[in-house]
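Please keep the sequence and the structure in view while reading.

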Amino acid sequence: MRGKRTTAPPVFIVSTGRCGSTMLSDMVNLHPRMLSVSEFLSCLADRALVGGSLDGEVMLRRLGTLAPVGKALLRNGLIVSEYLYRFGPGSRFGPDDVPPIMGVTLPHLSADPEALWDELVPAIRSRGRDTLAGHYRHFFEWLARRFERDIWVERSGASLFYVPKLARLFPDARFVHVYRDGRDTAMSMQRHYIFRMYAQVSSMLKNAGLDPFKPANWPGTSPWMPWFTPLRFRFFSAKRFQERKMDLPLFGWLWSNMIERGTGHLAELPPNRVLSMRFESVIESPREEMSRFIDFVGPEFRDAEWLDRVSGLPRRKPPSHLRLAPEEHDRLAAACAPGQRILGYEGTTP
């Protein structure tokens with residue numbers, strides 16, 4: 001490999017999703033010494049943090065085989081804006097056989113993600129039996145050395161419920177929690193295919209008398225979800241999925257519960273392992289907020305040129321919830337209220 005082995009503790013950027021973590025990941029990607037691993041855990045869907053000891057061949061199948069939800073969406077052209085791999089003439093993979101990490105993780109790092117995948121395959125396949133944490137750490141560090149970076153930073157949307165498992169798998173890891181006004185976050189969730197899936201599954205579990213916000217029942221950490229999803233998506237109807245009416249308060253409920261449980265998980269960690277970043281503050285004061293980020297990651301990563309560059313990236317725009325009719329806004333605000341109080345948004349503009 002080109003670079004030396006990384007020694008800095010890893011960093012996970014966690015969030016409910018739809019709250020600005022992609023912007024932060026893009027900023028990290030511009031740093032000359034930090035590796036931005038974007039949506040790695042999200043790409044693996046319900047298998048992200050499930051499993052114990054496995055060998056290199058099994059690990060390669062995990063990174064190279066789409067989960068049922070991914071196949072269902074891609075086969076029907078339901079592709080989210082974050083998805084970077086382009087299907088069509090000249091592309092090696094199609095919606096049925098594209099490796100999940102080809103969707104975002106590898107294109108985020110390389111203009112030729114297929115060649116990068118070809119480099120990765122023997123490095124993964126040749127490994128012997130190891131823990132899930134061992135394989136993942138090898139994957140992240142392999143990429144860091146490949147791109148000659150000194151630290152890796154993984155960022156996945158809807159990853160707040162991963163915190164307890166990640167803290168056990170990576171006891172040296174630190175966590176950056178990115179959050180945003182719940183009303184704007186819920187509005188963004190309503191337009192996003194993946195979060196419409198989350199809302200449907202959460203509602204179904206709630207109606208069945210189960211707690212959808214326990215890690216044991218959340219996709220990615222649930223031990224039973226990988227057995228359930230193939231059945232759920234066997235007869236997936238894109239038409240019914242798109243036509244199903246899902247009101248904004250449902251997404252406010254989803255967001256608020258994610259914040260309540262997720263911040264509880266973060267509170268169980270030592271304070272020096274957690275940094276909270278408010279999206280609106282990053283937009284208003286990018287230099288100060290990104291300086292805080294670097295101080296948390298490690299003062300040895302301070303880079304004035306990088307800070308100048310990323311400080312000019314955020315763009316201000318009016319909050320989305322201000323466009324809502326008063327009655328609709330009030331219903332959304334009521335659904336978001338518990339999470340808003342936890343994050344200190346009580347005094348925001350109604």
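The sections below treat the basis of the report, the aromatic pairs and the charges over rings.

## Basis

The model is predicted, so local features need pLDDT of at least 70 and side-chain atom pairs count only at pLDDT 80 or more, while totals for chains, interfaces and linings use all residues. Residues are numbered from 1 along each chain as its sequence is written, and side-chain values use heavy atoms, leaving out hydrogens and water.

## Aromatic pairs

Rings of Phe, Tyr and Trp (its six-membered ring) pair if their centres lie within 6.5 Å; planes under 30 degrees apart count as stacked, over 60 as edge-to-face and the rest as tilted. By this rule there are 23 aromatic pairs. In one of them, the centres of Phe161 and Phe213 are 6.2 Å apart and the planes stand at 65°, so the pair is edge-to-face. Phe161 has a relative accessible area of 1% and is buried (under 20%; exposed is over 50%, partly exposed in between, with a 1.4 Å probe and protein chains only). Phe213 is also buried, at 3%.

Tyr193 and Phe241 form a tilted pair, with 6.3 Å between centres and 45° between planes. Tyr193 is partly exposed, at 23%, whereas Phe241 is buried, at 4%.

Ring pairs also link a cluster, whose members include Phe12, Phe40, Tyr136 and Trp152.

## Charges over rings

A charge sits over a ring if NZ of Lys or CZ of Arg is within 6 Å of the ring centre and within 35 degrees of the ring normal. Arg174 lies over the face of Phe296, 5.5 Å from the ring centre. The charged end of Arg278 sits over the ring of Tyr345, at 4.0 Å from its centre.
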